[in-house]
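Biologist: I have not looked at this one before. Could you walk me through it, starting wherever you like?
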Amino acid sequence: MDDAASDTTKGSLRKFLENLSGAGKAIGVLTSGGDAQGMNAAVRAVVRMGIYVGAKVYFICEGYQGMVDGGTNIVEANWESVSSILQVGGTIIGSARCNDFRSREGRLKAACNLVRLGITNLCVIGGDGSLTGANIFRKEWSGLLEELAKNGQIDADAVQRHSHLNVVGMVGSIDNDFCGTDMTIGTDSALHRIIEVVDAIMTTAQSHQRTFVLEVMGRHCGYLALVSALACGADWVFLPESPPEEHWEEHLCVKLSENRARKKRLNIIIVAEGAIDMKNKPITSEEVKQLVVRQLGYDTRVTILGHVQRGGTPSAFDRILASRMGVAAVIALLEATPETPACVVSLSGNHAVRLPLMECVQMTQDVQKAMDEGRFKDAVRLRGRSFEGNLNTYKRLAIKLPDDQIPKSNCNVAVINVGAPAAGMNAAVRAAVRVGIADGHRMLAIYDGFDGFAKGQIKEIGWTDVGGWTGQGGSILGTKRVLPGKYLEAIATQMRTHNIHALLIIGGFEAYQAALTIGDARGRHEEFCVPVCVIPATISNNVPGTDLSLGSDTSLNTVVETCDRIKQSASGTKRRVFIIETMGGYCGYLANMGGLAAGADAAYIFEEPFDIRDLQSNVEHLTEKMKTTIQRGLVLRNESCSENYTTDFIYQLYSEEGKGVFDCRKNVLGHMQQGGAPSPFDRNFGTKISARAMEWITSKLKEFKGKRFVTDDSVCVLGISKRNVLFQPIAELKKETDFEHRIPKEQWWLKLRPLMKILAKYKTSYDVSDAGQMEHVYYRGTHEEPAAI
């Protein structure tokens, strides 16, 4: 089981980790600036990956201040030093803002402290200020060493041996204010805190017909405010990059009163702490409250979230992101040469990339400069196409034009949910309905899947009908696993009766199969010759044509939260191993990624066959672990990973083999993985991807004005592939599908499987060929749409 990735082929161009040695190298890891959830996961990954490749790894405590002060602030880390920190917010090695490091004298002291320990590789986790400081330090390094030798503080041999400093950065910032990466470590967790508060506030606001003004962090960047507004369907949002137009006060009051007239019982206004007007004058949450009370007389409250957003447990997304980035940072340090510029490991779509640090810093500073100079359109553009896309989507969904101003398309577009319920389905339906109405279509809701479709359970759905849907779990339209095969005649009749011109299917593998069936039936039923788009929505994440499915993030968070609680229950009872069964059918995504995010010792999945020897090897591994200070184990098992090695079998085997060393407990998570309110990621993903699907449908309908659609490219899956959002014809995806086991033949996340094993101290191979290419911050796929969420 721990040799899975070692199947290298002769002559393969892949570059494997075993060829990269860290022997004789020393790596220092520090966290600097404001803290962010997930920093500990990044520190853990750097420490364990560094030790794994044979390097010495040092904690540099209290950020740059600890580097300047030296002494007990710089200590060697071992494997156990980073045990049990994945679920801890903040940073265990401390962070501080440091004025001393800004001076050359301070940097001279820091260089002296590092050289004495042989540290010439720095991994810096922080914001643009921290990373800029690291780059200055790197540029001055040789000069600092010469000065130290001149002063007699180090010898000439040390100058020769440690002649250059390698620097790799990871961006830890809840604001997501660093250009060059789609998501910074901590942003997703901060959104979790915000959305928890918004969901709680909405219930009390509805009870009393109140208006709530929420102030969220973001002194220079409105990302948190914008995505929160998208994720909760806020009435208005104030951002630093996109100030409201002149006379915004009047427009805001009109909007709020219109919403109340539509029987909406509450209003939510989100204000970024750095919000400004067109003249760069601050807009405060208190000012907004006074305006609403004075002009409309509504009962209005202000809630300032403050440092709540920085606290708490990191989300599954942040743990996985930080672990991936931490491992990538160590590989970048091992591959660095004196000519390699300081780089940042970043996320582009779902793809890890390396970017020159100073290009990213420069672009980040350009955004602020554009805002200072009142060039707000440039500021939004410089933030990236993801930010710009979020803003445009929010505007389309929040502001409804009067009916007489919307040119009618005379087209009817139907929306249907298929398969098992998945969190985010309702957000996707809401976005589809509102974008469709804005494009002039008549939107039809199909209730209870294809079963309801065949029975004619179809009603027109309006703008206000989907209000408040983003935060609702499950499927309000109702969903069933029934496939259209035996109902084709009845469904064709209903399409003809309701004059349906396009179909949006939101669901899992059943939705994918349904679209295939409809495409194949076009020859027999001309009613099916319409554009059909599938939005993958399933906790299993097993739909071909996309790296991520709607609902899988929410489910993954449920798995990880449960693992955290189970691990915590073992903290008082030493020597205990937990075996946890996850859902997912034959797809091991939840088990594997849950294992990575929760710090599991093993994860059994269908995609990687295992036998009794592997189970025995894992038991031996856990037996050795119990001799250390980490006296607990966590093992995940995908529900269909093996017909014979059931959860009960594995539990009994572990119990028998571990007798006298550890005892076992098992837990089957079951349908709790399908329930609950959608995560911020799934709300935002569902909203954006559904809006994009409707834009595609509208463009197709305009293109073909009343003609029949018969080509393959008119039945598509919309998904994320590495760094792009792509519409892929289902006919082409057929050959990439294992229909027997309902999974794609190739799955991207299997590349991360060795990562979980490395961090759990197993020997394995890890393909690093994707990581080696330095890109430029301005590069983004020019022909495709970026997949940033």
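This is a predicted model: local features need pLDDT of at least 70, side-chain atom pairs count only at pLDDT 80 or more; totals for chains, interfaces and linings use all residues.

Biologist: Where does Asn280 sit, and what is its phi?
Modeller: Asn280 lies in the loop between β8 (267-272) and α9 (285-296), and its phi is positive, about 65°, although it is not a glycine. Helices (H or I, at least four residues) and strands (E, at least two) are DSSP runs, numbered from the N terminus. Most residues other than glycine have a negative phi.

Biologist: And what about Glu62, where is that?
Modeller: Glu62 is found in the loop between β2 (56-60) and α2 (63-69), with a positive phi near 60°, and its relative accessible area of 35% makes it partly exposed.

Biologist: Zooming out, how many helices and strands does the chain have?
Modeller: The chain has 24 helices and 25 strands, and its C-alpha trace spans about 90 × 70 × 50 Å along the principal axes. Buried residues make up 62% of the 789 residues.

Biologist: Which helix is largely enclosed by the rest of the structure?
Modeller: That is helix α19 (residues 589-598), which is largely enclosed because 10 of its 10 residues are buried. Among these buried residues are Tyr589, Asn592, Met593 and Leu596.

Biologist: What covers the buried residues of α19?
Modeller: The cover includes the helices α10 (316-335), α18 (552-569) and α24 (753-759), together with the strands β17 (576-582), β18 (602-604) and β19 (632-638). Just after α19 comes Gly599, which takes a positive phi of about 75°.

Biologist: Changing topic, how many aromatic pairs does a search of the whole structure find?
Modeller: The search finds 18 aromatic pairs, where rings of Phe, Tyr and Trp (its six-membered ring) pair if their centres lie within 6.5 Å, and planes under 30 degrees apart count as stacked, over 60 as edge-to-face and the rest as tilted. The rings of Tyr512 and Phe739 are a stacked pair, because their centres are 6.2 Å apart and their planes stand at 20°. This pair links distant parts of the chain, 227 residues apart, with Tyr512 in helix α17 (residues 509-520) and Phe739 in the loop between β23 (737-738) and β24 (743-744).

Biologist: Are those two residues buried or partly exposed?
Modeller: Tyr512 is buried, at 0% relative accessibility, whereas Phe739 is partly exposed, at 33%.

Biologist: What about Tyr604 and Phe610, how are their rings arranged?
Modeller: Tyr604 and Phe610 form a tilted pair, at 4.7 Å centre to centre and with 35° between the planes. Tyr604 is buried, with a relative accessible area of 0%, and Phe610 also counts as buried, at 11% relative accessibility.

Biologist: And which residues do ring pairs link into a cluster?
Modeller: Ring pairs link Tyr64, Phe101, Phe137 and Trp141 into a cluster.

How values were computed: Residues are numbered from 1 along each chain as its sequence is written. Side-chain values use heavy atoms; hydrogens and water are left out. Buried means under 20% relative accessible area, exposed over 50%, partly exposed in between (1.4 Å probe, protein chains only). Contact means heavy atoms within 4.5 Å.
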